[in-house]
Amino acid sequence: MDSVYLVVALGAVVAGFVQGLSGFAFGLVAMSFWAWALEPRVAATLAVFGALVGQILAAITVRRGFDLKQLLPFVLGGLVGIPIGVMLLPHLDMDWFKALLGSLLIVWCPAMLLAKRLPKITAGGRLADGTVGLAGGVLGGIGGFSGTLPTLWCTLRGFEKDAQRAVIQNFNLSVLLVTMGTYLSTGIVTRDMLPLFAIVAPAMLVPTLLGARLYIGISEARFRQIVLGLLTASGLALLTSSVPRLLERMA
């Protein structure tokens with residue numbers, strides 16, 4: 001059991017720093033550690049909890065580029081998607097889910113990272129933003145992955161660094177608050193998880209604040225590289241944790 005607590009703490013430290021720096025990805029990074037040591041539903045619940053704590057800290061320390069009109073379609077779509085994700089969670093095969101999401105990330109993100117000039121999507125307007133927010137809400141309800149697709153979308157939209165962070169940070173905060181409340185009200189959170197919550201929150205505190213501090217000094221180009229690089233690494237970690245299990249099941 002002590003080794004489980006160590007893995008939980010280590011995942012919280014690394015994921016907290018990444019979220020503080022990039023404004024998202026706590027769940028993706030943490031799951032690359034926790035998937036090896038925790039039951040999938042416990043790992044998903046911890047990921048939502050840790051991501052929520054990190055977003056609250058980030059919202060306090062980094063407040064730039066906020067635009068309510070730009071943010072609102074994402075949030076409204078996300079709120080519609082959350083109950084769908086929560087409903088799917090008990091029935092979802094997490095190994096296949098992580099394999100599919102990981103495959104998407106390791107194919108799409110390096111292509112964007114290596115492109116000299118990213119295509120800028122201007123079509124779709126607020127309806128498209130809301131649809132992406134809905135997909136993010138579904139992923140948030142499943143396990144704290146709410147920022148993945150909106151982050152890719154904002155990058156393709158060509159949002160400036162502060163505008164993109166403001167959208168993702170506040171979108172995640174809204175979605176994760178509702179998701180955690182839903183987890184509590186539906187009994188997904190149990191007493192057995194409370195000691196793990198007590199490890200995650202203090203372990204991620206300093207790393208999250210340090211990452212947020214470093215964010216302020218990075219350039220637009222460097223921020224894009226960090227975001228896409230983190231998404232690629234997260235996709236690889238998801239595949240590493242899921243593919244061996246799938247192959248074992250198929251044998």
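In this predicted model, the crossing between helices α2 and α10 is left-handed. Helix α2, which spans residues 26-34, packs against α10 at an angle of about 35°, and the axes of the two helices lie 9 Å apart. On the side of α2 the contact is formed by Leu28, Val29 and Ser32, while α10 contributes Leu231, Ser234, Ala237 and Leu238. When the residues of this contact between α2 and α10 are sorted by class, five are nonpolar and two are polar, and none is charged.

Helix α10 also takes part in the largest pocket, to whose lining it gives four residues, the largest share. The space in this pocket amounts to about 270 Å³. The lining consists of 14 residues, of which Thr155, Gly158, Phe159, Glu220 and Arg224 are the closest to the centre of the pocket. Two or more lining residues are supplied by each of the elements α7 (148-157), α8 (161-186) and α10 (220-250). In contrast to the contact of α2 with α10, where no charged residue is found, the lining of the largest pocket includes five charged residues, together with six nonpolar and three polar ones.

The unreviewed UniProt entry carries the annotation "transmembrane region" for residues 7-36, 42-62, 71-90, 96-115, 127-146, 166-184, 196-216 and 228-247. Over residues 228-247 the chain is 100% helix and 0% strand, with a separation of 28 Å between the end C-alpha atoms.

Conventions. Residues are numbered from 1 along each chain as its sequence is written. This is a predicted model: local features need pLDDT of at least 70, side-chain atom pairs count only at pLDDT 80 or more; totals for chains, interfaces and linings use all residues. Side-chain values use heavy atoms; hydrogens and water are left out. On a 1 Å grid over the protein atoms alone, a cavity is a set of points where a 1.4 Å probe fits but cannot get out, and a pocket is an open set with protein on both sides within 12 Å along at least five of seven lines; lining residues have an atom within 4 Å of a point. Grid points are joined across faces, edges and corners, and a volume is the space filled by probe spheres set on the points. Ala, Val, Leu, Ile, Met, Phe, Trp, Tyr, Cys and Pro count as nonpolar, Asp, Glu, Lys and Arg as charged, and the others, Gly among them, as polar. UniProt positions are given in the numbering used here, feature names are shortened, and annotations may be inferred rather than shown by experiment. Axes are lines fitted to C-alpha atoms, for helices over the stretch in contact, and angles run from 0 to 180 degrees between N-to-C directions. A crossing is left-handed if the near helix is turned anticlockwise from the far one by less than a right angle, and right-handed if clockwise. Contact means heavy atoms within 4.5 Å.
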